[in-house]
Amino acid sequence: MALYIVEADCISCGDCLPVCPTDSITEGAIVFKIDKKSCTECEGDFDIPQCVKVCPIDNCILPLEA
Amino acid sequence: MSSQDILLRDLALRIGLAARALPDTDAKRLFTVLTDCVSLPITEDKIGSINLKTLKTAQAGEFSNIDDALLKKALHILKHSIETGDIQKPDIDNYIEGDMPGSVRIACASNDAINIDGHFGSCSQFLIYQVSAEETRLIDIRSTNSLDGLDREDKNKYRAELIQDCQVIYMASVGGPAAAKIVKLGIHPMKLSGTEAITDIIDQLQTVISGTPPPWLAKVMGIDAINRFRFEREATG
């Protein structure tokens, strides 16, 4: 389980980067991206994914299909 | 206080502005001279009858040492209502939908029609530009005057709706709830760090469009996914 950032919607504001408890978010060549290997969807740390909470764009960070 | 003593708000404001145009003059000093010119109460009609000579000789020549050009400027401010002031409206270019493929429509919150100097909730107008890599057209100027009287909540919503055909709005400042209303209408808010010239911002935008626009911008410009993918390959490759 992991989240991903919809490239076409991300505005590269960077708000998600500091709130990730597992440091899974980095700035990619185009937009920010989430490392699917380390993303836990904040399980064990928070009730809801923190990046989704702070992201100013609706439906920009979504769960990766398994 | 009788109704005669009450200066019209607009007139009072003009007296203040005119005083500022004169050296070492506050509104009180100008007011004293004007009172000597026309006697109380000061009305719109009486102000209209004042000429340069009256102004210069009134109150035992209080303003006799001031340069004629400055006095003329002060008189101009006194006699012309603020709405129709000196600001010259730029010409609007013709634009038909589809004229400029690969372009983006932007709104600029402005008071002086030259700079992006407006707060989203209080600027007097939005200048609407259609911008492509090669070309820029000013396609509309939308005044916000008609919004007076609406309550605060409604006002920002109405302002956002006024520009909802635009993809991006540039402004000098914007509040959080207003920004949310802008985003909700699918407009991308861009808050500048201060006042900037509209031409500078458009130059920057054109540089971005002609280079590798970020995916969200490519999306609102209608560049399809295949081409966007090409951009990505170029950027990462």
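Modeller: Start at the contact between the chains, in what is a predicted model. Chain B gives 8 residues to the contact, and chain A gives 10 residues.

Colleague: What makes a pair of residues count as a contact?

Modeller: Their C-beta atoms must lie within 7 Å. By that rule, 8 residues from chain B and 10 residues from chain A take part.

Colleague: Which helices of chain B supply at least two residues each to the side that touches chain A?

Modeller: Helix H9 (215–220) and helix H10 (225–236) of chain B do. The side of chain B that touches chain A has 5 nonpolar, 1 polar and 2 charged residues.

Colleague: Now helix H8 of chain B. How do you know what span to expect for its 13 residues?

Modeller: The expected span is 1.5 Å times one less than the number of residues. For H8 (residues 198–210) of chain B that gives 18 Å. From first C-alpha to last, the helix reaches 18 Å, close to the expected value.

Colleague: Which residues of H8(B) are called buried?

Modeller: B:Ile198, B:Leu205 and B:Ile209 are buried. The label needs 20 or more other C-beta atoms within 10 Å.

Colleague: Why do you say that the buried residues of H8(B) line one face?

Modeller: Look down the axis of H8(B): the buried residues fall within an arc of 40°, so they line one face of the helix. On the other side, B:Thr199, B:Asp200, B:Gln204, B:Thr207 and B:Ser210 are exposed.

Colleague: What do the buried residues of H8(B) pack against?

Modeller: Four strands of chain B: S1 (104–110), S2 (115–116), S3 (125–131) and S7 (196–197).

Colleague: Then on to the sheet. What is its strand order in chain B?

Modeller: The order is S4-S3-S1-S5-S6 in chain B, an open sheet of 5 strands with mixed pairing.

Colleague: What makes S4 and S6 of chain B edge strands?

Modeller: S4 (136–143) and S6 (188–191) of chain B each have a single partner strand, so one side of each is left without a neighbour in the sheet. Neighbouring strands are turned by 25° against each other on average, direction ignored.

Colleague: How do you know that S3(B) and S4(B) pair?

Modeller: Pairing needs at least two bridges. S3(B) and S4(B) are joined by 7 bridges, so they pair, and they run antiparallel. One of the bridges links B:Tyr129 to B:Leu138 in S4(B). H8(B) packs on this sheet, touching S1, S3, S4 and S5 (168–171) of chain B. The direction of H8(B) makes about 30° with that of S3(B).

Colleague: What does chain B hold overall?

Modeller: Chain B has 10 helices and 7 strands. Of its 237 residues, 24% count as buried.

Colleague: And what is the order of elements in chain A?

Modeller: From the N terminus, chain A runs β-β-β-α-β. That is 1 helix and 4 strands. Of the 66 residues of chain A, 29% count as buried.

Colleague: Where does A:Asp58 sit?

Modeller: A:Asp58 is in the loop between helix H1 (50–54) and strand S4 (61–63) of chain A.

Technical notes:
Residues numbered from 1 in each chain as written. Chains lettered and ligands numbered in written order. Predicted model: local features only at pLDDT ≥ 70, side-chain atom pairs only at ≥ 80, totals over all residues. Contact = placed C-beta atoms within 7 Å. Nonpolar A, V, L, I, M, F, W, Y, C, P; charged D, E, K, R; others polar. Buried ≥ 20, exposed ≤ 12 C-beta atoms within 10 Å, placed from the backbone. Arc of directions from axis to C-beta. Axes fitted to C-alpha atoms, helices over the stretch in contact; angles between N-to-C directions.
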